[in-house]
Amino acid sequence: MPMAGIRKQRIGSRIPAQLALLPAVLVALVVYVGATTWTVWISMTSSRMLPNSVFVGLRQYESLAENDRWSASVSNIVLFGVLFLAAALIVGFVLAVLIDQQVRAESLLRSVFLYPFSMSFIVTGLAWRWLLDPTLGIEKLLHDIGFAGAHFDWMVRPERVIYTLVLAAVWHASGLVMAIMLAGLRGVDPEIWKAAKIDGLPVWRTYISVIMPMLTGSFATAGVLLATSVVRLYDLVVAMSNGGPGISSEVPAKFVMDHLFERGNVGMATAAATSMLVTVAAVIAPWLYWQNHRKGAAT
Amino acid sequence: MIRSTTAGLCLSALLLAAPQARAQQKAEVMHWWTSAGESAAVRVFADQFNKAGGQWVDMAIAGGANARTAAINAMVGGTPPTASQFNTGKQFDDLVENNLLVNLDSVEKQQNWAKIMPPAIIDAVTRDGHAYAVPVNIHGQNWLFTSNAALAKAGAAMPTNFTDIFVALDKLKAAGVVPLAFSGQKTWERGLFNTVLAGQGGGDMFVSFWGKRDVAMVKGPAFRAVADTFRKLHGYIDAGAPGRNWNDATALVIQGKAGMQVMGDWAKGEFSAAGQTPDKDYGCTVLGAASPAYLMGGDVFVFPKQKDAAQTKTQMLLASVLLDPATQIAFAQKKGSIPVRLDLDTSSLDACARKASAWLANPKTQVPANELLSPPALTGAIEDLVSQFWNDPSMTTDTFIARVSSTLAQTF
């Protein structure tokens, strides 16, 4: 196999590369692994505002399991994650398809759609909060122009507020998904289009059955980027609804932050953070295993 | 070429090596007083400190929780401010335990706190017999502010307790005015709950809840009545309440668009900034008995230990300026609180503050606020439950009482 021949190199020339990587490896070990281990340790102590070393076993995890706000946070993040991923990917893909149609002001439109991604979550959250506030924003506008019975008060209804978060987040992230999908679409061979036309496939069918399977890499990239925003969702929630009304839009990252600082309950916060870590690991591990398994089968 | 490079290198080395010498008596003070009224008040402290020979360096951070977090991080990280604001109570317990604060016994003796301050306030800043913070004001947390214009429009009378308040609220609702201006944030939901607990349940029930954590009392009928009154008040707020800031709700009362607001007396600063006077344009009262339970909260300044001994002198100077009688009166006028020294002539304060001073002369009205009785972890856990009970109509009173009981029984 030619690959094996190219791979054989002199041992001596690999050392500079390894030395260059050493600082990054050390940082990863000390900061990530070290801090994670410390966090797990602190979650088994009775730390309040500042960390201490009084071991209490799994008491913090028991309190966490009984905590209504934590249960609400977990169910909120799952609902948010599923809706956000689906909506952002679909909207981003549709935008990319539309822009790919050789439209006139293409670079202007690209910039317009990508612009929300350059805004911080705080600005996004605040702007959307004002827009969706029933006494300030869209509902008031509708009332003022005559539709007195119109309602758009999702922001103040506990069962609907999570959807407003999805709306703001999708507005923020669609541009990024669009940019990634557009790059993928541009990489599609024009011959494929001609072949599809000759076969008599309608355009929408071509997209769904031929083009989308070719863009699996772009979807995966966009999906991973969006998934990281889901796990660390905090500033958007603080800016938009601050977890309210009540605890109906609480999310795990906000739970951890609030308990670390204002609530002065480092033990509970680290227990929550460890739970988040375990959950994410539980989701990623099977996927990583599947990826490796596929690679192994291919070679 | 080489000479100028060497000279350049020497110069930059010198500049880097020169120690960051603090100017004489320079004090970096962290606080969260950023609204219009609050800024005017903290400027009183700054001006008086500057007059006394110090140099006040203001480090204002919006949001109490943010400011406290920044201060704690600075202290733990090795660059502590000269002084930092906390609420009177248990917020700085861990800082004392970790030996990060200066002992203020000398200031306490010199100013004779035992003679001039309410005992509950002194207890709140004392740990193991030593004082670790300087109280600078007393804020009443359970006031009711009313718009005279709105009440007149609705033909409603000023409420005196939690029974006739509903008469007034119904009349306001009928007149098309927002009956209760409310800020739907967890802190103020807990604030309203505390007001009902103290106003309807009384000072003893309040202390029994937050301080003694009496589960038997919580399961009794009196507490259930308090919870029901609290829930009933939810029917009188407007749709824009969730997420609204407290001063925006006060603005509704100032403009006459809302009838009343339950808020601490820091709201008076907003009324003054809008040019309104108590009793003439707006009413202020504490609901309950004739000598009502007055929830005493307030602010203190802690002094983190410094590496430089000269800084400790600055800290003592600042501590004495904060409690100077003239400073206390001037600060109280701008802030809306009453002076923490009860030995001062309060005739120059506004009508509401004079009412409060008269009440506090009777020690039975002096009820410590929940920050003085419960650590932030317990306060936060109860706050989540109160917020849930307020916002979620499907949570029954029984569930609320059961959850509160189990939370009070936990160790914090």
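The points below comment on the predicted model shown above, taking its domains, cores, sheet and chain contact in turn.

1. Basis. Because this is a predicted model, local features need pLDDT of at least 70 and side-chain atom pairs count only at pLDDT 80 or more, whereas totals for chains, interfaces and linings use all residues. Residues are numbered from 1 along each chain as its sequence is written, with chains lettered from A and ligands numbered from 1 in the order in which they are written.

2. Domains of chain B. The assignment (bounds from an automatic or database domain assignment) divides chain B into domain 1 (24-139 + 297-368) and domain 2 (141-295 + 369-408), and the C-alpha centres of these domains lie 27 Å apart. Their contact (C-beta atoms, placed from the backbone, within 7 Å) takes 29 residues from domain 1 of chain B and 29 residues from domain 2 of chain B.

3. Largest core. A nonpolar core is a set of buried Ala, Val, Leu, Ile, Met, Phe, Trp, Tyr and Cys residues joined through C-beta atoms within 7 Å, a residue being buried if 20 or more other C-beta atoms lie within 10 Å of its own, exposed if 12 or fewer, and partly exposed in between, with C-beta atoms placed from the backbone. The largest has 122 residues, and B:V134 and B:F301 are among those that touch the most other members.

4. Sheet in chain B. An open sheet of four strands runs in the order β9-β10-β8-β11 with mixed pairing, where pairing requires at least two DSSP bridges between two strands. Since β9 (178-180) and β11 (282-285) of chain B each have a single partner strand, one side of each is left without a neighbour in the sheet. Strand β8 (residues 143-147) of chain B pairs with β11(B) in the antiparallel sense over four bridges, and B:S147 stands opposite B:Y282.

5. Chain A. Helix α13 (residues 252-260) of chain A is mostly covered, seven of its nine residues being buried, including A:F255 and A:H259.

6. Chain contact. Here 25 residues come from chain A and 21 residues from chain B.

Methods: Contact = placed C-beta atoms within 7 Å. Helix = DSSP H or I, 4+ residues; strand = E, 2+ residues; numbered from the N terminus.
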